[in-house]
Amino acid sequence: MKKKGPMIKNGEEYLDVKLGRMRIYFDKRYRVISTINDLLIGILFVLGSILNFFQEAEVFGLISYLAGSTFLVARPILRLMHSATLRKEIQDKDTYTKDND
């Protein structure tokens, strides 16, 4: 029986997503997550701007702004997570030398 839906393979340097006969390679998963986060920020702020033109939808516009602001806070957190991952990879290399104090 064949699996349905996307198959995701997480390689050391890439994220491989196979959708049927199509295959997409993403370089590092944090870069993909960060890009999706940025896209959501843009969509939520545009949506909030449009909804604020209509008085009956003003509350939904404010909620969109709040959600967009929350994703803006997530940007530096994602960057820190990516940096921590890179540092761990550097420590695993043979050339890494740890200073003994």
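Mentor: Residues are numbered from 1 along each chain as its sequence is written, and side-chain values use heavy atoms, with hydrogens and water left out. As the model is predicted, local features need pLDDT of at least 70 and side-chain atom pairs pLDDT 80 or more, while totals for chains, interfaces and linings use all residues.

Trainee: Why are Phe-45 and Tyr-65 called a tilted pair?

Mentor: Rings of Phe, Tyr and Trp (its six-membered ring) pair if their centres lie within 6.5 Å; planes under 30 degrees apart are stacked, over 60 edge-to-face, and the rest tilted. Here the centres are 5.6 Å apart and the planes at 50 degrees, so the pair is tilted. The structure holds one aromatic pair.

Trainee: What parts does the pair tie together?

Mentor: Phe-45 belongs to helix 1 (residues 29–51) and Tyr-65 to helix 2 (residues 58–92), so the pair ties together parts 20 residues apart in sequence. Helices are DSSP runs (H or I, at least four residues), numbered from the N terminus.

Trainee: How do you know whether Ser-64 is buried or exposed?

Mentor: Buried means under 20% relative accessible area, exposed over 50%, and partly exposed in between (1.4 Å probe, protein chains only). Ser-64 has 7%, so Ser-64 is buried. By that scale Phe-45, at 27%, is partly exposed, and Tyr-65, at 26%, is partly exposed.

Trainee: Which residues make the nonpolar surface patch of about 440 Å²?

Mentor: Val-46, Ile-50, Phe-53 and Phe-54 make that patch. Phe-54 lies in the loop between helix 1 and helix 2 and is partly exposed at 44%. Patch residues have over 30% relative accessible area and no salt bridge, with like charges joined within 9 Å and nonpolar side chains within 5 Å.

Key. Helices (H or I, at least four residues) and strands (E, at least two) are DSSP runs, numbered from the N terminus. Accessible areas come from the Shrake-Rupley method with a 1.4 Å probe; for residues, only the protein chains shown count as cover. A salt bridge is a side-chain nitrogen of Lys or Arg within 4 Å of a carboxyl oxygen of Asp or Glu.
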